[in-house]
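The following paragraphs guide a reader who is new to this structure. Please keep the sequence and the model in view while reading.

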Amino acid sequence: MSENWDVVIVGAGIVGAACAWQCALRGMRTAVVEANFIGGGATAAGMGHIVVMDDSPAQLALTHYSQTLWQGLSKSLPNDVEYEACGTLWVAADEEEMQEVHRKREVYTSAGVATEVLAGPTLADAEPQLRNPLAGALLVPSDAVLYPPCAAAYLMSQARRLGAQLYRRKVLSARAGKVRLDDGTQLTATRILIASGADACELIPGLPIKKRKGHLVITDRYPGFVRHQLVELGYLKSAHSSTADSVAFNVQPRKTGQLLIGSSRQFGAEDSVADPQILAAMTERAAWYLPKIGKLSAIRVWTGFRAATPDKLPLIGPWPEDDSLFLATGHEGLGITTSLGTARILADHLEGVTTAIPAAPYLPARFARSAVHV
Amino acid sequence: MTERFDILIVGAGPAGIAAAVTAAAAGKRVGLVDDNPAAGGQIWRSVDAQPVAARTWLAKLAASPIVRFQGWRIVDSPSLGVLRAEGNRGCRDLVYNQMVLATGARERFLPFPGWTLPNVMGAGGLDAMVRGGLPIAGKRVVVAGTGPLLLAVAAHLARRGAKIVAICEQAPLRRFVPFLRSLLGEPAKVMQGIEYALSTFGAKISTGCWPVAAGGGEVLETVTLRQGKWQREERCDYLACGFHLVPNLELPALMKCRIHDGFVEVDHLQETSISGVFCAGEPTGIGGVEMALLEGEIAGLAASGKVNEANKLARRRSRRLGFVRALTAVTELDPRLKELAEDATLVCRCEDVSCGRMREHASWREAKLHTRCGMGPCQGRVCGAASEFLFGWDSGSILSSVRPPLYPVQVSSLDHPDKLTYQGDSIEQISMLTSKEIE
Amino acid sequence: MSKPARIRLLVNGVPITVAPGTTVACAILIAGIPARRSVTGEPRGPLCGMGICFECRATIDDAPHQRTCQLLCAEGMEVGTS
C-alpha cells in the first residue's frame with residue numbers, strides 16, 4: 001500500500017510532535033510514525049525544564065526563541081501539561097561563581113532575557129530551603145517547567161486536529177522519499193523528517209549522535225519546599241564536558257509539589273539500570289545545596305538517554321546526502337525547551353522561507369561526510 | 001568489620017518465622033527483616049486471641065537467637081549477597097550467604113463507585129486495623145469479595161463483637177460443589193469451616209454476590225449489593241472487601257528470580273532459579289498459613305544444608321497442593337466485576353486517575369506516562385492488579401518496571417554506603433533500634 | 001517490663017488515648033477524621049492495613065508522609081492529617 005505525503009515524520013516525541021503541528025499548520029500533508037507511544041522516549045525521561053541557556057550564542061538564540069514560543073502557548077495548554085512559570089535560579093556557591101552570575105546576566109540582558117541578581121539574604125527569602133549562606137543567584141523569571149509526555153500528547157493532538165495522521169509502527173528504512181514500515185506499508189513522501197532522538201542513527205548510519213545517560217529521582221509531594229528550578233553554576237561545566245561522567249546539582253519543583261532531583265551525564269553507559277554511584281553523587285550534591293532534602297521521601301529513580309552531538313547543538317535542517325531527508329534531533333538536554341523553536345525552523349526549511357533566527361549553526365550539513373572539515 | 005548472616009530472611013509472617021526458627025535451630029546465624037512493628041505478618045497480627053500455632057511459633061521466635069529488624073523496609077538488592085534495608089535512622093547493607101524470601105501477599109482491590117470512601121477497606125485490611133486497635137464491637141460490617149479470607153475475617157470480627165451484616169462471595173454456589181468433595185480429605189479444614197459458621201451465626205452468606213456501589217458523604221454509610229437480578233442496600237459502618245491475594249513479587253523480580261504464571265518458580269526444596277535464594281509462602285503460590293509454615297520450614301532446612309529433613313517435609317507439601325489448587329479454581333473472578341467501575345470511578349488512588357482516562361490507553365506503560373497512574377507512592381501495587389483485570393494489560397510488563405527503591409525511602413538513603421547513618425553501630429545494636437516489639 | 005496503661009497522643013491537636021500496641025492509623029480512625037485528602041481533595045482512610053496502599057499517610061511529629069498503619073502510637077506523639 002502506498003501513500004503520498006508532503007512530509008513523513010519519524011518519531012512522536014516532543015520534537016516530532018512539535019514539528020508535526022507546525023507542518024500541519026502550514027498546510028502540509030503530514031504523517032507521523034511512532035514505534036511505541038507518543039512522548040515515550042527521552043521526552044518521558046527528562047525533567048521538563050524550559051530554560052534559556054548560554055553555553056554558546058547559537059544555544060542562547062535557540063533556547064530564547066523557543067522559550068518565548070512556550071510562553072505564548074502557555075495559556076492554551078491543558079491542565080495535564082502542568083506548565084508552571086516558576087523561573088530558574090542559577091545558584092552561586094562562592095564569590096567566583098558570583099562573578100559568573102554577573103557575566104551571565106550581561107549575556108542574557110544583551111539577548112533581551114530579563115534577569116535579576118539575588119544577593120545572599122534575598123536568595124534565602126526566595127528559597128528558604130537553600131543552604132544559607134550562599135553567595136547569591138541569578139533569577140531568570142521567564143523560565144518554566146511542564147510535564148513532557150502530556151505536552152507531547154497535546155502537540156500531537158493539535159497536529160491531528162489539522163489532519164496529520166499517526167502510524168503506530170516501526171520504521172525499517174527511510175530514504176529517497178520512501179519510508180518502509182514493519183507491516184510492509186510504504187509511505188511515499190516529498191520530505192522525510194527524522195525526529196527519533198538517539199535512535200536516528202539506526203536510520204542514518206554515521207550520524208554523529210551519541211547517547212548521554214542521565215539519572216533522576218522523584219520525591220513525594222512537598223508543596224513549597226522549592227519554589228524555582230534550582231541549578232548550580234557548575235551545571236554548564238558538566239553539560240560542557242564531552243567525555244567525563246559528571247553530576248551537577250539540579251532540582252525542579254513540579255506543580256504537584258513533587259521534587260525532581262538531578263542531574264547526571266555519562267557517555268558509553270548503554271544500559272538503563274540506575275548506577276548507585278551516580279545516585280549517591282547526585283544525592284550528596286543535592287544535600288549540600290538543600291540540607292533538609294535528605295529527609296524527603298524518594299518514590300522512584302529512573303534513567304534516560306539524551307541524544308548528544310559533538311558540538312552540543314542540535315541537527316535541524318536538510319541532510320545533504322539525501323534530497324528527501326531532514327533532521328530534527330540531537331537536542332541533548334534541551335529537547336523540551338527547543339522543541340517549539342526547532343519545529344518553526346524546520347518548517348521554514350521545508351517551505352524555503354527565512355528562519356526567525358540564523359539557522360546555519362544547526363544545519364546537519366556541518367557533519368556530513370561531504371562537509372569541509374573545520 | 002562486615003557483619004554477615006548465614007541466612008537472611010525477608011518477611012516475618014508464618015513462612016519467614018518458620019524459616020528463621022528452623023535455620024536458627026540448625027545453628028545458623030539468622031537475620032529476619034520485616035516492615036511491620038511486630039512479627040506475625042498479616043495473619044498473625046495482634047497481641048491477643050492468637051491461634052495455638054501462632055502462639056507456638058512466636059514463642060519459638062522470641063526464644064531464638066535471631067537478629068530481628070522489625071519496622072525495616074527493603075530498598076534494594078545491590079548485588080547477590082547484599083540487601084539494603086531502611087529503618088528509622090537510615091539505611092544499612094545486610095550481607096548474607098543464603099536468602100529466604102517470604103514476602104507474603106497483598107489483596108487485590110477492584111474499583112467500584114464509592115470504593116475510595118473512608119471505612120471501605122480490604123478484608124485483610126479491616127482485619128489488620130482491628131488487630132491494630134480499631135474498636136469494632138457493635139459496628140455493622142459487610143464482608144465481600146472472594147476467597148477463604150472472607151470467612152476467616154468475618155469470624156474474627158464477629159468474635160470481637162462486630163455485627164456481620166452480610167458475607168458476599170462472588171463465586172457462584174454451584175462451583176463449590178465439586179470442591180466440597182476435595183474437602184473430605186481435609187478434616188482440619190472441615191472443622192475450621194464449622195467453626196467459622198458458628199462464629200458468624202446470623203450473618204447472611206450469599207454467593208454469586210458482590211458490591212456494586214458504596215455510598216456516603218465523608219465516610220461509608222451504605223453498600224449496594226447485587227446478586228443476579230436482585231440488588232439490596234445495606235447500612236454499614238465498614239466494608240471489608242478484597243478479591244484474592246496476589247503475591248508480593250517485587251523483591252523476587254528485582255533479584256531476577258524466575259517468575260512463572262505470576263508466582264516465583266521454586267524446586268521441591270523451595271530454591272528459586274537463583275542458587276542460594278529460597279522462597280516460601282504466598283509468593284510461590286497462594287496456599288494459606290499451613291502451606292506457608294511448611295514451606296518456611298523446608299526453606300529453613302534446605303538453606304541450612306539439612307537436605308534429608310527438608311526432603312521429608314517436601315513430601316507433605318505435594319499432598320497439600322491439590323487442595324490449594326481446587327480452591328483457587330473455584331473462586332475465579334466473574335468477568336462482570338470488570339464492569340463495576342464507571343468512567344469516573346478512580347482506579348489509581350495515589351494520583352486520582354479515573355477508569356475512563358486509563359481506558360484511553362493501550363498499555364500499562366503508556367497509561368502511566370500520560371495519566372500518571374501507578375506513579376504515586378504505591379508504585380502500582382494497588383492499581384496495577386486492578387488494571388490487569390480491568391483492561392487485560394500484561395502483568396509481566398507491570399513487574400518488569402520494578403526497580404529500586406522498592407519502597408519510598410529517604411533521599412539520604414540513596415547516598416554513599418559509607419555515609420549511611422547506621423555505620424559504626426553493630427548489627428545487634430542496629431536491630432534493637434526498631435519500633436518497640438509487642439510481646 | 002512495665003508498660004503504660006494507656007498512651008496519650010494528639011491528633012490534629014485533639015488529645016486521644018489508646019491502648020499500647022495501637023497503630024497511629026487506628027488512632028486517627030478513632031479520632032473520627034480522614035487520614036488524608038487525595039490529590040483532588042477527597043477524604044481517604046486506610047485501605048490495605050499493611051503498608052502497600054499509602055492511603056494512611058499522615059504527618060507524625062513534623063515528618064510528613066508517614067505510613068501510619070505500620071507505626072505504633074507513642075506517648076506525646078503529635079499527628080497531623082492533611
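Strand β16(A) is joined by two bridges to strand β22 (residues 409-410) of chain B, and the two strands run antiparallel. Helices (H or I, at least four residues) and strands (E, at least two) are DSSP runs, numbered from the N terminus, and two strands pair if DSSP finds at least two bridges between them. Within β22(B), Gln410(B) stands opposite Ser297(A). Strands of a sheet pair through backbone hydrogen bonds, either parallel or antiparallel.

This is a predicted model, in which local features need pLDDT of at least 70 and side-chain atom pairs count only at pLDDT 80 or more, while totals for chains, interfaces and linings use all residues. Residues are numbered from 1 along each chain as its sequence is written, and chains are lettered from A and ligands numbered from 1 in the order in which they are written.

The interface between chains A and B brings 27 residues of chain A into contact with 17 residues of chain B; two residues are in contact if their C-beta atoms, placed from the backbone, lie within 7 Å. On the side of chain A that touches chain B, two or more residues come from each of α6 (148-161), β12 (210-221), α9 (276-289) and β16 (297-308) of chain A. The largest share, six residues, belongs to α9(A). By class, this side has 17 nonpolar, six polar and four charged residues. Here Ala, Val, Leu, Ile, Met, Phe, Trp, Tyr, Cys and Pro count as nonpolar, Asp, Glu, Lys and Arg as charged, and the others, Gly among them, as polar.

Chain B also meets chain C, in a contact that takes 34 residues from chain B and 30 residues from chain C. On the side of chain C, α1 (24-30) and β4 (43-44) each supply at least two residues, and the largest share, three residues, comes from α1(C).

Within chain B, five strands form an open sheet with parallel pairing, in the order β8-β15-β9-β10-β11. Because β8 (120-121) and β11 (204-207) of chain B stand at the edges with a single partner strand each, one side of each is left without a neighbour in the sheet. Strands β9 (residues 140-146) and β10 (residues 163-169) of chain B pair in the parallel sense over six bridges. Ala144(B) has Cys168(B) in β10(B) as its bridge partner. Helix α3 (residues 123-131) of chain B packs on the sheet, touching β8, β9 and β15 (238-243) of chain B.

How values were computed:
Axes are lines fitted to C-alpha atoms, for helices over the stretch in contact, and angles run from 0 to 180 degrees between N-to-C directions.
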